[in-house]
2 protein chains.
Amino acid sequence: MNAENDTADIELDIDGAAEYLNLPSSKLKGLLDRRIISPNWGGIDNEYRRLFRFDKSVSNIEQGSVLYKKDRSFKLIRGFPKIQRAMLLGPALKNHFSDINTVAVEEKMNGYNVRVTDIGGNIVAFTRGGLVCPYSTERARYLLDRDFFKDYPDLVLCGEMAGPDNPYVPKDVYGIDSLDFFVFDIRDNGHGMPYMLHERRKLAQEYGFSQVKFFGEFSLSDAADEITKIVRELGKVQHEGVVIKDPKMIISPIKYTCSQSNCADLRHALKFYNDIGRDYLFSRVVREGFQSVEWNESEAELQKRCLQLGESILRPMTESIKQVRDGTRIADNVQIRVKDPNTIYLYKEYLKRLGVDAVFGEPEPIGNEYLVKIKKQNQSTNDKTESMCKGELW
Amino acid sequence: MNAENDTADIELDIDGAAEYLNLPSSKLKGLLDRRIISPNWGGIDNEYRRLFRFDKSVSNIEQGSVLYKKDRSFKLIRGFPKIQRAMLLGPALKNHFSDINTVAVEEKMNGYNVRVTDIGGNIVAFTRGGLVCPYSTERARYLLDRDFFKDYPDLVLCGEMAGPDNPYVPKDVYGIDSLDFFVFDIRDNGHGMPYMLHERRKLAQEYGFSQVKFFGEFSLSDAADEITKIVRELGKVQHEGVVIKDPKMIISPIKYTCSQSNCADLRHALKFYNDIGRDYLFSRVVREGFQSVEWNESEAELQKRCLQLGESILRPMTESIKQVRDGTRIADNVQIRVKDPNTIYLYKEYLKRLGVDAVFGEPEPIGNEYLVKIKKQNQSTNDKTESMCKGELW
């Protein structure tokens, strides 16, 4: 990401903020100097520059948290906590939820995590990293009932932006026409405490919000079997998996995902083999190993899983190599759909600042909206493949 | 590796060494202080402490180089240079060897790289990192004709230690009973210049050394096809691949390997999935992609390769997970065969200093030698798998 070289002129009451965050002023100043805490950009009259985001975790404040001042008092939108993963579902459920009797299961959708809240009378959407995303902000303003934020100015709606018009993880599997926001958490702006599951679902329903699917509550003794059934069914329709929660939201939730989604991730990622992190491949491979053991697979089932894994890795890579060899650069083709043409401009600027090399197509009118195709260039994979085709060495 | 806390008492003529290496004395002193250059250990009366190894590349001096003084003058055993890899054989040959007409092809064996030279009248064997390996040193003394080192005290024999009694990469595929040393390079101790290929083979033959297999010289226009044939045949017998060389050894060599060896590497590594580097998996996966494209594989061939890759990754991992779940810790079972029981003790100490957690079995007499089975513990994989089985989260 491009560094902003203009922090200096942002007014942040350092002593006040330090007191609110319970940090020494000197430490806060150091974090600002090292840009571990830095202002957002954009908004009318650069208003988002008042929103300071945490690029890393600091003391007990999560990465992606956003600090700002509202009516003379500070506010902190907590970064969305990382949800830990069960590798062996049965043992993980028994161990993690040993203090409660029943767990609730909701769908983990495959989109991108967004937190939405009211800032000075306007809805603003933050990415996981605490950046104001202009596209998500426009979509949130259009999708979400303003009244909620008037009635609950201190709440943060956490949800998944999912659907085909998703510029990060486009998915057709949810039967969504464009993009929708699915609430999975409502948290307090400040201490960050989540609503209890059923209260949250009730509140979201009152305001007509879309929500992630609720599969039910299960006794701890039945949960592993029930969730395995759910996950097998979700896999068949290429959905991602589930999040298993304490209905009271006191114990932290855990996630568990389908092999099919895992392999779909790999298929997408390996197209751009040299752009993905090495960990991306490794972590997904390991999940397959544990699931196969827990599911006590037969020789035939294991063989099928091996073939699926191998194909998810090799086929997209060979396709990309062939394509580049034959003269066509590869790109990740995504799209956005907006109401206001200005959002296209803002989103373009946003990706540019993030260092994403993207080519925007001409806006195509669809009803009262505009569809814009975006080609995200995967420079590293293109360059590496081209150089191998020219006979350079690895 | 354990740091030695006793560099201070080693006498190194810093000014003299700096002049020899063409480095400022202050820089050399800094490298010693930061232990980028540090003494070896062991030998009679700790004599190996006079052998200073380079833990990283410094200016033009390769990682793994060893500096020492002989008869008042300094000597430098150059680190063995990294051989770059062809991903697409045809383009790589044309590009890399464009200045010459023919290339020579030798086998790349799957063992470990050792440099052997005379130090003060004794044969000493260094690992790639420049450590004196007591096992390799004993084996080299037993396997190699002393006369060579008397006749050529300033030459370094570079070769592959391969066979079943190899404590790093045991291989049965070479038809070797225990362990042998296969010469693939002879270099000058000092400037590091290699012998020309045929001179080197002749010299090695004169002294009765084992050598890596020579497949022939090929014109640059035929080389890709010929080498592809060789690699396909080597793959069938689970050999590793080839190194392609300028017969005059002016242009640097390049390597190219078989898919079968690649998959065998993965099968071994994924047993210890949490101990291997993430890059290990990634790099091998990418090689499969490029080879499949260059070999213009049919749908059936690609599918076979996908299955082979998936199986090489998943099967060993699931076996390890099951084994740990059922209560048996996993280990890498290797063995050494020695003449002198003291070598067992020295090698044990050596592994300990390297931080390798190894359990040595009782020496079993075989003829006039001793076979010692060694269980190398893969702590990280054992611990991670156990914790997952207890229901901890990833």
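Which domains does the domain assignment of chain A give? In this predicted model, the assignment divides chain A into domain 1 (1-77), domain 2 (84-109 + 212-257) and domain 3 (260-325). Between domain 1 of chain A and domain 2 of chain A, the C-alpha centres are separated by 36 Å.

Chains A and B touch through a contact to which chain A gives 45 residues and chain B gives 45 residues. On the side of chain A that touches chain B, at least two residues each are supplied by β5 (84-85), α3 (89-96), α9 (278-294), α10 (299-325) and α12 (379-389) of chain A. Of these elements, α10(A) provides the largest share, 15 residues. By class, the side of chain A that touches chain B consists of 25 nonpolar, eight polar and twelve charged residues.

Within chain B, helix α8 (residues 259-271) packs against helix α9 (residues 278-294), their axes coming within 10 Å and crossing at roughly 155°. Because angles over 145 degrees count as roughly antiparallel, α8(B) is roughly antiparallel to α9(B). The crossing of these two helices, α8(B) and α9(B), is left-handed. From α8(B), the residues in the contact are Ser259(B), Asn262(B), Asp265(B), Leu266(B) and Ala269(B). They meet Tyr280(B), Arg284(B), Arg287(B), Glu288(B) and Gln291(B) of α9(B). The contact of α8(B) with α9(B) comprises three nonpolar, three polar and four charged residues.

Technical notes: Residues numbered from 1 in each chain as written. Chains lettered and ligands numbered in written order. Predicted model: local features only at pLDDT ≥ 70, side-chain atom pairs only at ≥ 80, totals over all residues. Contact = placed C-beta atoms within 7 Å. Helix = DSSP H or I, 4+ residues; strand = E, 2+ residues; numbered from the N terminus. Nonpolar A, V, L, I, M, F, W, Y, C, P; charged D, E, K, R; others polar. Domains from an automatic or database assignment. Axes fitted to C-alpha atoms, helices over the stretch in contact; angles between N-to-C directions. Parallel < 35°, antiparallel > 145°, perpendicular 65-115°, else oblique. Left-handed = near helix turned anticlockwise from the far one by under 90°.
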